Amino acid sequence: IIEPLSKKTLAPALALLDSVFGEDPDDKMQYTRGFNTSLGETKYLHLYAKGKPAYLRYFVAIDKKNGDKVVGTTGLYAYPEEEKQNATWLGWYCVDAKERGTGLGTRLLDFAIDLAKEINAKVLKLRTSTDPKEKLAQEMYKRRGFRITGTEKANKGKYDTIYMELPIKKDSNLLIKPLSEKTLKEAVDLTVKIFGSAPTDFDYP
């Protein structure tokens, strides 16, 4: 299941992030800062060069069959200037190595996209890199409609940064329901409009 990050799941969530991103000290500082701040901790606020994000929420995927193990993380954040533009960022999205290929990554990404819709974001942004380990995730981003908007040459690290964006489209209000006496005439009129007359050369059930 996917649930909001809590003080109970904070330590195992950070341990998972350590296993995926912990080789980079800057990354470690950022997710430690973000996850703690999202739970109301204030001692990391001085580490935000842009000030505290206007929106900051993280979630964890829990494996109930494996002792409530944290097997994935995802979240959204936005600084004030981005929130004014109805833009938000995907934050610290990752999956336990043993869970890759199970569909969990897709569910976590779709969860984040749905959350972006709920907060009325118009654009969901993310950062990835030229690290070969991120290639599979990038293919999934592309399948979900993300497009590359820019790149940034590596400063300290050896991998360049890739920026991607997904325009957020609100779900249609279209509702599919059984034909009824109330909708029968409209359905026949629509059929005539499309085919020119009610089709008779098919034996519809």
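The model is predicted, so local features need pLDDT of at least 70 and side-chain atom pairs count only at pLDDT 80 or more, while totals for chains, interfaces and linings use all residues. Residues are numbered from 1 along each chain as its sequence is written, and side-chain values use heavy atoms, with hydrogens and water left out.

**Stop 1: Trp92 and its partners**

Select Phe21 and Trp92. Their ring centres are 5.1 Å apart and their planes are at 70 degrees, so the pair is edge-to-face. Rings of Phe, Tyr and Trp (its six-membered ring) pair if their centres lie within 6.5 Å; planes under 30 degrees apart are stacked, over 60 edge-to-face, and the rest tilted. By this rule there are 10 aromatic pairs.

Phe21 belongs to helix α1 (residues 7-21) and Trp92 to the loop between β4 (87-90) and β5 (94-95), so this pair ties together parts 71 residues apart in sequence. Helices (H or I, at least four residues) and strands (E, at least two) are DSSP runs, numbered from the N terminus.

Phe21 is buried, at 19% relative accessible area, and Trp92 is buried at 17%. Here buried means under 20%, exposed over 50%, and partly exposed in between (1.4 Å probe, protein chains only).

Tyr31 sits in helix α2 (residues 25-38), 61 residues from Trp92.

**Stop 2: Thr128**

Next, select Thr128 in strand β6 (residues 123-129). Thr128 is buried, with a relative accessible area of 6%. Which side chain makes a polar contact with the side chain of Thr128? Show Gln138: the two meet at 2.9 Å. (A polar contact is a pair of N or O atoms within 3.5 Å; within protein, one must be able to donate a hydrogen and the other to accept it, and residues adjacent in sequence count only if both atoms are side-chain atoms.)

**Stop 3: the nonpolar cores**

Finally, select Leu90, Leu109, Leu124, Tyr141 and Phe146, which have the most contacts inside the largest nonpolar core, a set of 26 residues. Such a core is a set of buried Ala, Val, Leu, Ile, Met, Phe, Trp, Tyr and Cys residues joined through side-chain atoms within 4.5 Å.
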